[in-house]
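Subject: Structure handover

Hi,

Please find the structure below. My notes on it follow.

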Amino acid sequence: MRVLVAVIVICWSAAFAHAERRVALVMGADRYESLRPLGNAVNDAFAMRDTLEALGFEVFLETDRDLRRTRRALEDFVHDAEGADVALVFFAGHGVEVGGVNRLLPVDADASSPAALEATSLTLAAVRETVTRVAPVGLVVLDACRDDPFGMASGAAGRGAASLMPAGLPATVTPGLGRMGRSENVLFAFSAAPGETAADGDGDNSPFTAALTKYLGTDGLEIRSVLTLVQQEVYDVTRGSQLPYVESGLPATFFASTTRGALPERERLLLAMAEVTPAIRDEIEKIAAGHDMPLAPLYGAFVSASLNALAPADRGKELAAAAQAFVETRRRLRLLDSGDPRVARLRSQAEASLALGALDEAAGHLDRAIAIDEEARQTVGAVFLERTLSQAASLDARAGIARTALNHAKAIAVLEEAAALHRQVAALEVPDSARRDRNWLLAELGYLNGLVGDTPAALDAYERMRAAVRARIDASPDEPDARRDLWVSHGRIGDVLVAQGDIAGAKEAYEAGHAIIERLAERDPTRTEWQRDLSVSYNKIGDILRAQGDLAGARRSYRASLDIAERLAETNPRNLLWQRDLSVSQLKIGDVRADQGDLVGALQAFEASRRLAETLAAADPGNTAWQRDVMVSNERIGNARRTQGDLAGALKAYEAGLEIAERLAASDPGNAGWQRDLSVSHIQIGDVRNMRGNLAGATEAYRASLAIAERLAEADADNAEWRYRLSFLNERLGFIQKRQGDLEGALAQYQTSLDRMVPIRNRDPTNSDVQEFTSRVLHRVGDARMAQGDLAGAKESYAAGLAIRQRLAASDPSHTGWQRDLIVSHFKIATAGGGDPQRHLRKALDIAEDLEKSGRLASSDAFIPGMLRKRLEALAVAAE
């Protein structure tokens, strides 16, 4: 507990010993006769004696005293310390609360009954009276809530006597000490919270005393801040199981020293930890426990990345990322070896600082190790190779510390330095393990560049990884893991090319990787990781085939992926990753069904995907990938319901997805993927508002999406997706302006949209999504010109759009969406009076009837065949 006291500065460092007399009675008890003996209490007393004497205290030491000698020690202290300015009493041993009264237990305390315990123990009130008689200012420091004083826990029997109370521990006796309440001129510092017990410690001292002796003399801090450091140090080293407690009635603020230098990083972090709310403490403790790691590194990430303002789920994602980076970095540091004891020592110090949450200090240790290797590697031969690899390994760990602090830019810069060192020795006889380290260092570099939205840099890193893996295979041709790494590099390259709009290039990369992983999976069907890799590979190829309009091929590929995912999930239903694979495969099957006009089947697949995703997200709310899966499933459900004409159901699904997208984007504004998801969610909301006639609401949503897309495009000019998104939003805004009667404004937006699509179409003419969108914008232009009365201009735009749609429909007649687009194109040209209106209407009707007969005509389009027949009949009547 933090308490406020009056600001009357009383210095109590050794430098000011001449100005005031300070006295201390230090007591410790280990050798209990009928209670569980302790191993560290006397050690704690000696440690406190040494610390206090160094601070100028006159110390009176008593160890393993019975009740009579303890009372005598208090009486002697009153006599010997008379006239002191500051009095401190420290007790290490057992302490309990009996009938609401706090009691310290001497070595002869009798636990046979509550009455016997009261008769053979010392009240804390008696200690308080002693310090108030000795000096105007008193400090009572109690490491006296030792765990299980009566030896009742199953693990305690071997260390001490069992309770002598026949019925066990009565309700009136509580291990640990209770609150004292405010005592004038006295500060109480307890080693544990009221009613809680404290650890005796595995080392030479208890956690509480170890922290006290470490921080009591901290320069420039008054006693409240010193005790705050002690509190948070104990909380950290016990991983949240013990938090010291302070009650203060002091009229003064004590300073161990008047020196006002900057506090070390660890101490600054501990003070910041004291300001964290209990709810956030619980979040951090849960994540730390899940990763089997100390608390301080997560608090360091929490403070350095300013995560306080984030929602719990978003904060959990960032903290989980920091925790994973810590675990990976700690593992790397423990595995690193060096022939130079200085480098080894600095790496060990870096690991220790990292565990304490002193991230800058840890980085500093590694920087010094890097400098030592840099100096030594200026020689030639084997030493050069050894030192270069050592330096690269330290840099890799240094990047991990930056990632733990959520500083992606720093991590990227450091990894580039490490990659440059690996490049310098690539032609030498490098061990296979070092070659693999280089490969995954480059993979990490590509991932981080993609995370911050720099796709050219990501592609460059992955291409360097692929080249490095090939060199490793040349050196170790029989190593299957090297071939899997090659599959990974092809897949990462394909992912970036997809983001850049190069579908043909992505397909080439994915297929090259697929051939590799297929051979590995056939080579050993029992290797489940290779089987899963093959499932992922099928999905990636399916995505490309779908983008190119080959729906039948995409569905076959997705089905092959789903078959593998189902087999794996059946072998181990508790494997959450395999359950997620099922969710993703269902989503992709639903996509193809929707493209083919099977909306009922698509909805079934999307809802199955969402159920799986929601189950996974509920099991681990901090897993942002699973949260995003729920968002994507909602997006797909919204799309299907919108196509069915269920706008209310679509809006409900979209809004659920938007809520998740907003949380994720707010948690990491630098994550380009999550910003993209948010932009898409706004578009979907805008579309439904538009269809329901809420033009102002639609415009608001589109402009929110446009602002995000503009930021993304500015940060990554080579990213085709961002340019496509801008073009898409120009089309949407133009449509709204047309509905509002602003035809010139609409045409300007449409033209901007078409202009932005030119480089994307030129880069990849096979991208069916780009071609389909271009045809839609051309039809929007035709609609605006029709509204202006420019029939010739309208027919020209419709004809250009029709030509694109005919090519798409011919490439895949099973694509229902493209068949429907043909109906629209023929109808619009007929309406504009182009060519032979009857011919165009007849073509439109033939397509609509074919869709109707095959059951692929959506319910919302059921009116189309009848409407077309009436138009044809009207033209026939007019012709007569």
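Strand S8 (residues 137–143) runs parallel to S10, joined by five bridges. Strands pair here if DSSP finds at least two bridges between them. Val-141 has Ala-189 of S10 as its bridge partner.

This is a predicted model: local features need pLDDT of at least 70, side-chain atom pairs count only at pLDDT 80 or more, and totals for chains, interfaces and linings use all residues. Residues are numbered from 1 along each chain as its sequence is written, and side-chain values use heavy atoms, with hydrogens and water left out.

S10 also pairs with strand S11 (residues 245–248), this time antiparallel, over four bridges. Ala-189 has Val-246 as its bridge partner in S11.

Is S10 buried or exposed? Five of the five residues of S10 (residues 186–190) are buried, so the strand is largely enclosed by the rest of the structure. Buried means under 20% relative accessible area, with a 1.4 Å probe and protein chains only. Val-186, Phe-188 and Phe-190 point one way from S10. Leu-187 and Ala-189 point the other way.

Now the helices. The axes of H16 (residues 455–475) and H17 (residues 480–499) come within 9 Å and cross at roughly 160°. Axes are lines fitted to C-alpha atoms over the stretch in contact, and angles run from 0 to 180 degrees between N-to-C directions. That makes H16 roughly antiparallel to H17 (angles over 145 degrees). The residues of the H16 contact with H17 divide into 13 nonpolar, three polar and eight charged. Asp, Glu, Lys and Arg count as charged; Ala, Val, Leu, Ile, Met, Phe, Trp, Tyr, Cys and Pro as nonpolar; the others, Gly among them, as polar. Helices (H or I, at least four residues) and strands (E, at least two) are DSSP runs, numbered from the N terminus.

Best wishes

Note on methods:
Angles under 35 degrees count as roughly parallel, over 145 as roughly antiparallel, 65 to 115 as roughly perpendicular and the rest as oblique. Buried means under 20% relative accessible area, exposed over 50%, partly exposed in between (1.4 Å probe, protein chains only).
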